[in-house]
Amino acid sequence: MLTPPDPLPYRHVLTLPTTGQAVRVARETTEQVLEQWGVAAWEPCRDPALLILSELVANSVRHAAALSPQVTVVFAGGPETFAFGVHDRHPYRPALFASAGTAPGRGLATVMELTHGLGGSAVVRGDADEGGKSIWVTLPLGRGLR
């Protein structure tokens, strides 16, 4: 279902009901994970990572809740990398690179602008049974993890 793009030594998994509160809880958990892993508040990717994650979880709540009662976030980290995947069981796979004029909203365009602006990458991965998908974002850490 949800495996990080590369083997990274730090891991944390969060599964939540696909409701409006999921965004707040996922964001707060991300802050805790980053703090526990030693990613300082002044790390350039920290605030953008919180925004990116919030947008991806909000998209799952907004667009997938009818078919996916849960959203799962997997965090992975290493000395120079912070990655996270947001998974739901809705089969639709959004185009990450759609132009702003063709996309229904600006959320994924913002996610991609922030991700690429930080030198990161994003990918959509379908479940083996085609019944869901994960959106993985990988960001470089300037200062690394403790």
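Trainee: Which backbone oxygen lies 3.1 Å from a polar atom of the side chain of Lys133?
Mentor: That of His90. Keep in mind that this is a predicted model. The backbone oxygen of Tyr92 is also placed by that side chain, 3.0 Å from a polar atom of Lys133.

Trainee: Where is Lys133 found?
Mentor: In strand E5, which covers residues 133-140.

Trainee: Is Lys133 buried or exposed?
Mentor: Buried: its relative accessible area is 8%, and the cut-off for buried is under 20%.

Trainee: What is Lys133 in contact with, leaving aside its neighbours within four places in sequence?
Mentor: Its contacts include Val86, His87, Asp88, Arg93, Pro94 and Val124. His90 and Tyr92 are also among them.

Trainee: Changing topic. How far apart are the end C-alpha atoms of helix H1?
Mentor: They are 23 Å apart. H1 has 16 residues, 21-36, and at 1.5 Å a residue it should span 22 Å, so the two values agree.

Trainee: Which residues of H1 are buried?
Mentor: Ala22, Ala26, Thr29, Thr30, Val33 and Leu34. Seen down the axis of H1, they fall within an arc of 135 degrees, so they line one face of the helix.

Trainee: Why would residues three or four places apart point the same way?
Mentor: Because an α-helix has 3.6 residues a turn.

Trainee: What covers the buried residues of H1?
Mentor: The cover includes strands E1 (10-17), E2 (70-78) and E3 (81-88), along with helix H2 (46-64). On the face turned away from the buried side, H1 carries the exposed residues Gln21 and Glu35.

Trainee: And which residue with a positive phi follows H1?
Mentor: Gly38, with phi near 80 degrees.

Methods
Residues are numbered from 1 along each chain as its sequence is written. This is a predicted model: local features need pLDDT of at least 70, side-chain atom pairs count only at pLDDT 80 or more; totals for chains, interfaces and linings use all residues. Side-chain values use heavy atoms; hydrogens and water are left out. Helices (H or I, at least four residues) and strands (E, at least two) are DSSP runs, numbered from the N terminus. Buried means under 20% relative accessible area, exposed over 50%, partly exposed in between (1.4 Å probe, protein chains only). A polar contact is a pair of N or O atoms within 3.5 Å; within protein, one must be able to donate a hydrogen and the other to accept it, and residues adjacent in sequence count only if both atoms are side-chain atoms. Contact means heavy atoms within 4.5 Å. The expected span of a helix is 1.5 Å times one less than its number of residues. The arc is that of the directions from the helix axis to the C-beta atoms.
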